Amino acid sequence: MSRHVLILGLVCFLTFFAGLGRGAIGDSDEAFYAEASREMVASGDWLTPYYNYELRFQKPILFYWLVSASYTVAGVREAAARFPSALAGFGLAILTYLAGRRWFDAATGFFAATVVATSFGYFSIGRLSLPDLPLAFFIAASTWGLIEAIGSPIATASLSVSRRRLWFVFAGLMMGLGLLAKGPVGVALPVLAAIPVWWHERRSTTGEDAARLPGLFDVLLVGAIVVAVAAPWFVAMAQHHGLAYVHRFFIGENLERFATDRYNEPRPLWFYVPIVLGGLMPWSPFILLWLPTWRRVFRRERSVTRAEWRAIIWAAVPFIFYSASIGKQPRYILPMLPPMALLLARTVIARLPDDGPSVAPRTGRQRALAWCGTVCAVLFLILGILLHRARPLLFVLTPSLALVCTGIITAGAVSVLIASWTRRRWVLPVTMTVASIATLLSLHYSVASAADLEPVQVMARKYAAAYQGHEPSATYRVFVRNLVFYTGVKQTDLVQPEQVVEFLRQPRRVLCVITRDDLDRPTREHGLRTSTLAEVQYFNPAGVRLRTLLWPDPSRDLETVLLVTNQ
């Protein structure tokens, strides 16, 4: 076990922690949490979150506390802002290993944990200052705890009952932290997963064992722990800000976000299918190996084992729950990846070649595994080609670095292709793991981050040189959320061209960050006169389309961001 944990620690260091501080805080939801936590440390108010020096009631407090504590220890920097997310990624890998070790065997748990640690979904979110990965950890941990407490073999010894209740205590603690991390979903998903497991155990257990199934006391125990963990902060907020806060959070930020399109545009019922496949990349082609297994199950040639049933329920509940919602977001589906990794690892291991002579005939199951590995190799190669074609847009890089990263990804693709058709037992999983780590780090160092200052950081420095300490400042459609993190100055978010005109027509001196294209129209139509104090070139990741990667055009895909004043 210790050897497995040490290897997982090394893998997770590379995928979650290496280069964690590279890349500026993004102009996205990441800036909300990084900046609100900075303001929390600066103000000393650890009760109420503020963002851009205004109340922020959208999310509970736990993630702000985690990032603020990280700032207190390591200073206000990008790596500190992202450390809680990276730590949650490591925790999910270890949790997957422990669950797989208990339900299947050590090899399955270890392989599944490497899949979790090297999947694109967890790698990308683990390097952002967002509460979604810690929430996924709390949901996964509490779901595992409830399933263990409900579905563990029941013995007559009182010690067994005590251990079962320890699982309930663990689950209650994790649900309370999940509630504090993002809201009621931290309780709802584990409970929804536990119900079918309890129903299955009740049907298959009789006599005295049935009487020892979890009862009302266990339910009350879990509920009491959840309340003890989460309630104090919500009560303190209600006392400080009134019951309107509680109504806004539980109704507006949770029920309306789930059941209406107020916060997110409606998306189709199948929205999460490609999201799950993308989140499991580069391992998702191995899902094809499930098809023969399910065919045998439907023909009643094979039964679903107890451990497989648990993993299926664990994965299915988040998928069904969020697919039924109106306001879908890709990050919501993260809690289902650990059980999917367990099922995937179990399926792959069953098809690995035996340790016998390499001249032994290859079975049909092994050929299917080899073809899935070949598909993975092709996907690696496509990523390398796209990275090579996107070089004109990666203006913060030296051309040699982009070429090196492209070469690493290509070498990984070739290695996986060779390993797919090698008859040694563990060559393909090990090669896939190494190629995944190399590819993810190459993408991180070439696309997601720069060796030098990034455009928003350059603009923040030029802004600091121009700022006189009193004039109003605004942003329009660029650096809207993250400029305040790097300047420490409150920014007005302008959302309409008319607001830009009104802001720049003020008699006093003002500063505005805006793209050249967005400034041309009000300047031309309203005769605005502005002075440009600074400019930077900016590639906006939010505007990336397939066309951008296949046919990059710097004149079209790069924006010129200006810092202007009206005097």
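Student: How many salt bridges does a search of the whole structure find?
Tutor: The search of the whole structure finds 15 salt bridges, where a salt bridge is a side-chain nitrogen of Lys or Arg within 4 Å of a carboxyl oxygen of Asp or Glu. This is a predicted model, in which local features need pLDDT of at least 70 and side-chain atom pairs count only at pLDDT 80 or more, while totals for chains, interfaces and linings use all residues. Residues are numbered from 1 along each chain as its sequence is written, and side-chain values use heavy atoms, with hydrogens and water left out.

Student: OK, which residue forms a salt bridge with D132?
Tutor: That partner is K182, and the closest N and O atoms of the two are 2.6 Å apart. Because D132 lies in helix α7 (residues 132–151) and K182 in the loop between α8 (158–181) and α9 (185–204), the pair ties together parts that are 50 residues apart in sequence. Helices here are DSSP runs (H or I, at least four residues), numbered from the N terminus.

Student: And which residues are joined with D132 and K182 into one network?
Tutor: Salt bridges that share partners bring D29, R331 and R481 into one network with D132 and K182.

Student: Are D132 and K182 buried or exposed?
Tutor: Both D132 and K182 are buried, where buried means under 20% relative accessible area, exposed means over 50%, and partly exposed is in between, using a 1.4 Å probe and protein chains only.

Student: Where do R38 and E35 lie?
Tutor: Both lie in helix α2 (residues 29–43), three residues apart, which is about one turn of the helix.

Student: Switching topic, which residues are closest to the centre of the largest cavity?
Tutor: The closest are P353, L369, S420, T422 and L428, out of 11 residues that line the largest cavity. The elements giving two or more residues to that lining are α17 (364–389) and α18 (399–420).

Conventions:
On a 1 Å grid over the protein atoms alone, a cavity is a set of points where a 1.4 Å probe fits but cannot get out, and a pocket is an open set with protein on both sides within 12 Å along at least five of seven lines; lining residues have an atom within 4 Å of a point.
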